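Reader: I'd like to learn how to read a model like this one, a feature at a time. Can you walk me through it?

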Amino acid sequence: MKNHETLPYAIPKFSDEEKIARARAQRDSLKQRRSCRYFSDAPVPREVIEAAIEAAGTAPNGANHQPWHFVAISSAETKAAIRKAAEEEERAFYGEEGDAPKASDKWLEALSDLGTDADKPFLETAPWLIAVFAQRKGGIEEDGETQNYYVNESVGIACGMLITTLHEAGCATLTHTPSPMGFLRNICGRPEYEKPLMIVVVGQPSEGATVPVHAVNKKPLSQISTWL
Ligand code: IYR
């Protein structure tokens, strides 16, 4: 390594048995997570959202530029504005305005098992929306000019950690990606060099909430891994 300033690094030590048990416990907990599309209006404490965003902010990322910004939205007015703009995009996507859908037939076919449509009431019902922005430029000083690196990878990992923390805290989430999402930058007042990546909807499942059977069908280890 080239000369640079360092600090000591250590993490908790576990036996092999403990490692296996802890990995399996975490896996089993994450197996309970589903994308939720039916939210109640039950509140979630702001402190939960704060801690989850702080957890996301620890994600490994390009050159430690931390190229993300999270806008936590609980204002009814702002949620309504986001719902209105998102549903407009979704109606064009699904072809619910009379025009041909922006989505291809194949894409709509792939979505048919999920039962989604342009109606997104959860954008108003759920207590929190977290709008996630990826900073194409800015560096650690957020100067809007310095090149950032591995932006999508970095913010993708951060979103995974955000969702994991929220799940562990007992919250339901939905990663929602109306496309295009330019409206989110305007509504949230974010700068041009930030790209809206997704909306993470956070709350509690409504009474009688369901998930599509399709969503429960996860590929087994043997299919998603190769061991060399
Ligand atoms: N953004 C749309 C469509 C959609 C696309 C995919 I890929 C999904 O996994 C789910 C939905 C919507 O939210 O309905």
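Reader: What should the 19 residues of helix 3 span, and how far apart are its end C-alpha atoms?

Author: Some ground rules before that. This is a predicted model, where local features need pLDDT of at least 70 and side-chain atom pairs count only at pLDDT 80 or more, while totals for chains, interfaces and linings use all residues. Residues are numbered from 1 along each chain as its sequence is written, and side-chain values use heavy atoms, with hydrogens and water left out. Helices (H or I, at least four residues) and strands (E, at least two) are DSSP runs numbered from the N terminus. The expected span of a helix is 1.5 Å times one less than its number of residues. For helix 3, that means its 19 residues should span 27 Å, and the end C-alpha atoms sit 26 Å apart, which agrees.

Reader: Which residues of helix 3 are buried?

Author: Buried means under 20% relative accessible area, exposed means over 50%, and partly exposed is in between (1.4 Å probe, protein chains only). In helix 3 the buried residues are K79, I82, A85, A86, E87, E90, F93 and Y94. Just after that helix, G95 takes a positive phi of about 70°.

Reader: How do I read a pair of aromatic rings?

Author: You describe the pair by the distance of the centres and the angle of the planes. The rule here takes rings of Phe, Tyr and Trp (its six-membered ring) and pairs them if their centres lie within 6.5 Å; planes under 30 degrees apart are stacked, over 60 edge-to-face, and the rest tilted. That gives three aromatic pairs. In one of them, F93 and Y94 have ring centres 4.9 Å apart and planes at 80°, so the pair is edge-to-face. F93 is buried at 11% relative accessible area, and Y94 is buried at 15%. F93 also makes an edge-to-face pair with W107, at 4.8 Å centre to centre and 90° between the planes. Because F93 lies in helix 3 and W107 in helix 4, this pair ties together parts 14 residues apart in sequence. W107 itself is partly exposed, at 47%. F93, Y94 and W107 make up one aromatic cluster.

Reader: Which side chain joins Y94 in a polar contact?

Author: A polar contact is a pair of N or O atoms within 3.5 Å; within protein, one must be able to donate a hydrogen and the other to accept it, and residues adjacent in sequence count only if both atoms are side-chain atoms. The side chains of Y94 and T116 are joined by one of 2.7 Å. T116 sits in the loop between helix 4 and helix 5 (122–125) and is buried, with 18% relative accessible area.

Reader: Where is empty space left?

Author: Rolling a probe the size of a water molecule over the atoms shows you that. On a 1 Å grid over the protein atoms alone, a cavity is a set of points where a 1.4 Å probe fits but cannot get out, and a pocket is an open set with protein on both sides within 12 Å along at least five of seven lines; lining residues have an atom within 4 Å of a point. Grid points are joined across faces, edges and corners, and a volume is the space filled by probe spheres set on the points. The largest pocket holds about 380 Å³. Its lining has 14 residues, with R27, L30, K31, K218 and K219 nearest the centre.

Reader: And how many residues line the second largest pocket?

Author: There are 16, and E90, Y94, L111, H176 and T177 lie nearest its centre. Helix 3 (76–94), helix 4 (105–111) and strand 3 (172–176) each give two or more residues to that lining. Its volume is about 320 Å³.

Reader: What about the backbone: which peptide bond is cis?

Author: Most residues other than glycine have a negative phi, and most peptide bonds are trans. Here, the bond from S179 to P180 is cis, with omega near 0°. P180 lies in the loop between strand 3 and helix 7 (182–188).

Reader: Is Y150 exposed or buried?

Author: Y150 counts as exposed, at 60% relative accessibility. Its phi is positive, near 50°, though Y150 is a residue other than glycine. Q66 is not a glycine either and has a positive phi of about 50°, but Q66 is partly exposed at 25%.
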